[in-house]
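Biologist: Could you take a close look at the charged side-chain pairs in this one? I'd like the cut-offs spelled out as you go.

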Amino acid sequence: MPYSVFVTRHLTPQAEEKLNAFCQAEYWPEDTPPPYDVLLEKTRHADGLLCLLSDPINANLIQQAENLKVISQVAVGVDNIDLEAAAARQIAVGHTPDLLTDATADLAFALILAAARRLGEAIDYARSGHWKTWGLTTLLGESVHGATLGIVGLGRIGSAVARRAKGFDMRILYTDNSEHPELERELGAERVPLAHLLENADIISLHVPLTETTKGLIGAEQFSQMKPTAILVNAARGAVVNTEALVTALKSGQIGYAALDVTDPEPLPPSHPLYQQPNAIVVPHIGSATRTTREQMSLLAVDNLIAGLEGRPLPKAVVQH
Ligand code: GLV
């Protein structure tokens, strides 16, 4: 076997079979990430690295990995990888966009509905024996149909959320680095400055990647611009939101609700105040977690890795050789 590869978690059986047929792959056996020193050691002489978004692939690791030709991540977001360090060493970096777009948009929409209709509270209410009768004012939430949705970042996933929103007769406002005239025509979406979106949206859904610019994009000032009934949905990256400011905004009633698939830190420790908030829902970063999507992501990550080892262009590259 000419190539050696370190894989930071087990993949799906089909993806492992494909990878094992091509190279000598070593899999980290635990569900939790390998400790950093193990990651460093295993990568030092490897030709390829197949990793997840919870593995810190920083400049130090990249510089010490003397044979590394390719880093293949099973995710679309690559904020855990130092891309500049990889490019400087001509290491290709692959990711798994597109095929997770719909699954992630579905989950974002599930969070929108769950927050607006207080599903977490309603499930607890029924389970815990509080359901005594049909109550005219029991567990009142907010309408999703006809509401104004503010999409921060109209990329692949943001656009897929917008399409779903159209089916709910929502008015769509968005911010993005570029204009999307076709989507504006198709969905009636309107590009507006962030402050305008925050002031006017009933529901705000975040779909930007985590970068130096988007880190802490939603903080105390932005919460003060939102409606007191506003629902904030984050299925992008936790650090786009300032967590402390979010807790304050939820506690003080400055905003109505938050529904989070991603948090900062991640995982969110069990003692975190966000879990105590009746007006917050937290799920453990499951945006793309459908059986078919994760199978496809694993296979694409293997394809990216093999292409990188062979010196071919990656099917989905963030950094090409
Ligand atoms: C998940 O968060 C991903 O980036 O694919």
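Modeller: Let's start with E26, which is partly exposed at a relative accessible area of 38% (buried is under 20%, exposed over 50%, partly exposed in between, with a 1.4 Å probe and protein chains only). Bear in mind that this is a predicted model, where local features need pLDDT of at least 70, side-chain atom pairs count only at pLDDT 80 or more, and totals for chains, interfaces and linings use all residues. Residues are numbered from 1 along each chain as its sequence is written, and side-chain values use heavy atoms, with hydrogens and water left out.

The partner of E26 is K42, in a salt bridge at 2.8 Å, N to O (a side-chain nitrogen of Lys or Arg within 4 Å of a carboxyl oxygen of Asp or Glu). That pair links distant parts of the chain, 16 residues apart: E26 sits in strand β2 (residues 24-27) and K42 in helix α2 (residues 36-44). Helices here are DSSP runs of H or I with at least four residues, strands are E runs of at least two, and both are numbered from the N terminus. K42 is partly exposed too, at 32% relative accessibility.

Staying in helix α2, E41 and R44 are 3 residues apart, so about one helical turn separates them. Their closest N and O atoms are 3.5 Å apart in a salt bridge. E41 is partly exposed at 44% relative accessibility, and R44 is partly exposed at 24%.

Elsewhere, D98, R156 and K316 are linked in a network of salt bridges. The count by this rule is 15 salt bridges.
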